[in-house]
Each structure stands twice: as structure tokens, then as C-alpha cells.
Amino acid sequence: MDIQTLTFIIVGLTFALYIAIAIWSRAGSTSDFYVASGGVHPVMNGMATAADWMSAASFISMAGIIAFAGYDGSVYLMGWTGGYVLLALCLAPYLRKFGKFTVPDFIGDRYYSQTARTIAVICAILISFTYIAGQMRGVGVVFSRFLEVDIATGVFIGAVIVFFYTVLGGMKGITYTQVAQYCVLAFAYIVPAVFISIYMTGHVLPQTGFGATIAEGVAGEGTYLLDRLDGLSAELGLAAYTSGIKSKIDVFAITCALMVGTAGLPHVIVRFFTVPKVRDARLSAGWALVFISVVYLTAPSIAGFAKVNLINTVNGPDLQGVEYEAAPDWVKNWEKTGLIAWEDKNEDGKMFYSGDERNEMTVDRDIMVLANPEIADLPAWVVALVAAGGVAAALSTSAGLLLVISTSISHDLLKRTLTPNITDKQELLWARVAAAVAIALSTWFGINPPGFVAQVVAFAFGLAAASFFPAIILGIFYKKMNSQGAIAGMLVGIVFTLAYIIYFKFVNPAANNADNWLFGISPEGIGTIGMLLNFIVSYVVHKMTGDAPQDTQDLVESIRYPRGAGGATH
Amino acid sequence: MAFKSEELAKAYWRDNISLVLKLLAVWFIVSYGFGIILVDWLNQFTFFGFKLGFWFAQQGSIITFVILIFVYVKRMAALDNKYEVHEE
């Protein structure tokens, strides 16, 4: 069977599975729809959180980014996992005890203010929308390569599937679908990595293979893989793999913005409302990180293997370049998608990849995971599996984000602010309508991406770090914090971060270099400064306007211990 | 109030904060300390074929994060029981 047919079969089977789960677990009440009635087992919830968390970007792009950035890519590895420590220790148990549906719920009630609630709703929608458009695009890219349809059709198929199980199942349907999606994506990520690790180093575990010596029959045999990478990098005029080129302060700031942003993302936080107990909320953050680590510990290995493999294939074992005519099929397959290109500058008919003027190749980082099975000459079913994994990653994250958007509108905006008298049934209907509209909008964005969408996705973290994180932390750990302080802090944090990003990315991109950056911190890391500003402004304004009322302080006292946690309520 | 007295409530919160701060100190040292600030110095040592600083940045810190959360879950459960504020 050819790759095409196999891909249809495997992707089709996984779709059938997701839809069957959605029908089996459809939501009957708002509580089912928003938080699965708080009845999800912590291990299941951890797995669902992991699928929710790992987006098309994690699955498709992360290993590629690391392959090209080397040590500098560590910011994503540490940043996107370290946030779970903050979540487990500082946020999840308390928010679970608080017992509401959404992040704006917490902000609005804790700071006894509709203004605070509204700002939180706007931040939640802003963050989730920038994120989801990128996901729909990811679905489109995967489909267009593997099903050979155009990107618009690919996005459309993905939208129909997500629509079906988000609108029908709500959080309950999503949670169980995400468990299935996690299994598909983790399996699809690890199988090629194991094959490649065995081929390159003889190690079954890619994690240890990454630090091992290169196996017999592969160029550079007997040397440590990482030494080989550093050696190749030096020879080809690339930055050394195990040491980066980014400044220390920038690496520090980006890691911090990603960690804190992770802990402030509404679609991640809301997962901890779905477990029955406070203890389960702590545990479920731990399980989530276990399941995420399975993929995140594999990613740097894939990056290392893929980089060596790419150089071997393009430049040949003797580093003299390989005849284009003799290039393997995957080069030509992927040339069609525009993700790899060869320009014969010195007209010798040979391909050559390097970091200097000898370079003749344009290689998109996304190719590292998607084409990896082909580069390593793995069987066709592995290639099909990777397609199914990429789609699972994109669909699970889209569904989680859509739920946040629809909940923000039906619950936070309508029920809690504009029309408090609607019934449970009407609210559920509005949630479904909002989800449908949000899907339609994000499909449109996925098909017609305004150039900035892809770039903005990474900044959702900075925005979450600068807005939600300080407001929630102060809300839990500093009971005297008042509404004026929190509102001022959130506004200053998000406006500063947004302005800095917009200035360097869109207004004056020419100035986007270390000389012009504040303290040498790039727009990717500026959320860290936004977060600090938020904390400082909150504290100063609070000192000028007096303590929070006594009943709010009592409320904060009551979320600090687990006893008496009920199910999530209105 | 689930606590028998104001003092017990304060003591529980103090113990909780002290545990969280200790764990966050480890979290900070391993990732920001070993993985970023001291990475160049640590890279002179080799660990199973990895330069040590590089290993902390790409694998060691993630493994530590997982352990930290499970230690927290266990220690907090003990603390909840001690002060009798665990869930029934």
C-alpha cells in the first residue's frame, strides 16, 4: 500500500474514534459542558491536559526549532514544562478549591469587580484567539502534505471535526477525546524516534541515544553524537550545537515568560477545575507533566538525530555535497510543499547545506518532524502515523481553546455580566452558538492567515504572563490585595507587553535587535518584564487605596485549605 | 473555619509556604541556575556523553520538575492530614 492510502486509513480511523467518544460522552448540563461536572480521574485529566497543551506547534515545530537553535532551543523545553511546577504548587489546588468554571470567574469574584472580570474576559479571548488560528493553520499544513488537498480544504475538514465534538460534548467530550488524542500523538512522536535512535546509535531509548556514540555504518561512527554535531557545526560555519548564540539575559527572560505564561494560560488552568478534589488537582498537574515529558524528553533527541541526518543526506558523509540527481525521494516530495528548496549557486549539480556563503539549501524547521521518518527511510505506516499524530495535536488544542472562548462568552460575558437571568439550558445553547461562531472565525483565519498570526502565537505566553499570572498569585497569596491594584496591574502588564511586541514586530521591525531591546530582552521574553511591572504596579496602587474588604479576605482564607471543596458551581 | 484555632490555621499556611518555597528554590536552581546561569561552567563536565550544563537544560531540568510535583503532592497530603483539613 502506498503512503497516501495508509494515511487515509490511519487518519480516518482516528477520526472515527474521536467522534465515537464524543457521542458516547456528550454533555447534558452547563457543568458537563464547562468542567465535565468535576468528575474526571487525575490520571485521565493529566493525559487530557497534556494533549490540550501540546499543540501542532509542539508536535510539528519544536524539535525543528531545537535542531536549528541547539542549546538556545532549551528555552522551549524548560519553559513549556517548568510552568507546570508553578501550576501545581501555586495555582491549581487553590483555584480548584475556589470552585468556579473559568479564570475570569476567579478574577471577577476575588476582586469583587465587574471591571476586573471584563478585563479578564478580554485577555482570555485575545490569548485564545491568537493561539487557535495557528492551530487551524497547522491542521491545514498537515492535511495538505499527507492527503494532498489544498490548505483551505484541510483547514475545513479539521474545523468540521472539531466543531462536531466541541459543540456536542463540551469539556466532557473534549476530555475523553483528548485522552485518545494523547495516545495517538505520543505514539506517533515516539515510534519514529525509537527507529531513528536504533539506526543512528543502537540505543532503543532516544533519550540515551542522544548522548551515545554513533553506530557502525553511519558517518562519524564511534564519536559521540553531540561531539559530531558540534564538529559539523564548526566545519559548516554554524553556531556550536551545545552552546547558543542568544545572550544569557534573553535566554533567562524567554524561559521565564514561557514558564509563567504556561501557568497563566486560561485553557490550561481550566483543566484543574475538572477533577473532583483539591488533592486531585495537585496530582493531575503532576500526571500532566509526566505525559508531557514523554514527548518533551524525546524532542531534543529527535532534533539531534534529525540535524545529523539532514547534514549526512545533503552534504554526504565526506561533506562534499550530494548530487541533486542522486538525492533521496523525500527531498523531491518535500520540495513540492515548499518546505525545502535547493538553489545551485556554484552550478556543480550538488546540494550543500551550511551556515555561510556556501549554503544552497533553504530548509523549513517544520520538516524535521514531518519528514523525519522519510529521511530515516522508515516504513510507510510510520509516515502515516506521524500525520495522524500531527492532526491529533492540532485538534486537541483547538478544542480546548474553543471551549475557553465559548465559555468566556456564554458564562463570563452573558450569564455573569450582561444577562444574569438566563437559564442553564439557554446558557448551554449560547455556549454552543459561541463555539460555532468561534470555529467559523478561526477557520477563516486558518485559511486567510493575516501574515502576523503565526508570529503572534508565541506571544500569547508573554501576554498571559503579564496579565493573569500576577493577578491570580496575588489573589491567593496576598489576601489584602484589592481590585484597584489588580486592575491597574493587569492593564499596565498587558499594555506594556503588547506595545513592546507590536513596536518591534510590526511598527519598526528593522530595530528588532539586541542593541535596541530593553535590557537586551527580545519581544519573546518581554512578558517577564510585563509580569514584574504588573506585580509592582498592583502593590503600589494597593498601598495607596487600602485593603480588600473583610469578606474577600475571608474568601481567600477559605481557599487556602482543601477541606470542604465541592463541585464547581455558578 | 475548618481549623480548631486561629493559630493552627496560621501554622498550616506557614508550613505550606515554607514547603512551596523550598521546592521552588530547587526548581529555580536546576533550571535557571544549572541550565542557564552556570551552563558554561558545568559544560566542562561530561555526563553519559552529554555536557552537563547542556544536559540540565535539555533533559535534567524536566526530570526534576516531574519529581518536584510528586514530592509536593505527597508532602501536602501529609500536611493536610496533620492539620485535619484533608478532604473526606
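**Overall architecture of the two-chain model**

The secondary structure of chain A amounts to 24 helices and four strands. Chain A has a radius of gyration of 24 Å, close to the 25 Å that the globule rule gives for 570 residues, so chain A is as compact as a globular protein of that length. The structure is a predicted model. Its scores are ipTM 0.94 and pTM 0.89.

Along the principal axes, the C-alpha atoms of chain A occupy a box of roughly 75 × 55 × 40 Å. Of its 570 residues, 61% count as buried.

Leu370(A) counts as buried because it has 26 C-beta neighbours inside 10 Å, and the cut-off for burial is 20 or more. Ala215(A) lies 155 residues from Leu370(A) along the chain. The C-alpha atoms of this pair are 24 Å apart.

Chain B has its own make-up. Three helices and two strands form its secondary structure. Read from the N terminus, the order of elements is α-α-β-β-α. Confidence in chain B is given by a mean pLDDT of 89, with 99% of its residues at 70 or more.

The C-alpha atoms of chain B fill a box of roughly 55 × 20 × 15 Å along the principal axes. In chain B, 36% of the 88 residues count as buried. Of the contacts in chain B with a separation of 6 or more, 51% are between residues 24 or more positions apart.

Two segments of chain B carry an annotation. An unreviewed UniProt entry places the feature "transmembrane region" at residues 20–42 and 54–73 of chain B. In the model, residues 20–42 of chain B are 96% helix and 0% strand. The end C-alpha atoms of that segment are 27 Å apart. Residues 54–73 of chain B are 100% helix and 0% strand. Here the end C-alpha atoms are separated by 29 Å.

The two chains meet at an interface. There, 40 residues of chain A are in contact with 36 residues of chain B. On the chain A side, the elements that give two or more residues are helix H5 (74–98), helix H11 (248–264) and helix H13 (278–296). By class, this side of chain A comprises 24 nonpolar, ten polar and six charged residues.

The largest nonpolar core has 219 residues. Those with the most contacts inside this core are Ala63(A), Leu185(A), Ala285(A), Ala388(A), Leu402(A) and Ile69(B). Helix H8 of chain A, residues 151–201, supplies the largest share of the core, 21 residues. Ala388(A) shows the packing around one of these core residues. Leaving aside residues up to four places away in sequence, Ala388(A) touches Ile10(A), Val11(A), Thr14(A), Val184(A) and Ala188(A).

Notes
Residues are numbered from 1 along each chain as its sequence is written. Chains are lettered from A and ligands numbered from 1 in the order in which they are written. This is a predicted model: local features need pLDDT of at least 70, side-chain atom pairs count only at pLDDT 80 or more; totals for chains, interfaces and linings use all residues. A residue is buried if 20 or more other C-beta atoms lie within 10 Å of its own, exposed if 12 or fewer, and partly exposed in between; C-beta atoms are placed from the backbone. Two residues are in contact if their C-beta atoms, placed from the backbone, lie within 7 Å. Ala, Val, Leu, Ile, Met, Phe, Trp, Tyr, Cys and Pro count as nonpolar, Asp, Glu, Lys and Arg as charged, and the others, Gly among them, as polar. UniProt positions are given in the numbering used here, feature names are shortened, and annotations may be inferred rather than shown by experiment. A nonpolar core is a set of buried Ala, Val, Leu, Ile, Met, Phe, Trp, Tyr and Cys residues joined through C-beta atoms within 7 Å. pLDDT is the predictor's confidence in each residue, from 0 to 100. The radius of gyration is taken over C-alpha atoms; the globule rule is 2.2 Å times the number of residues to the power 0.38.
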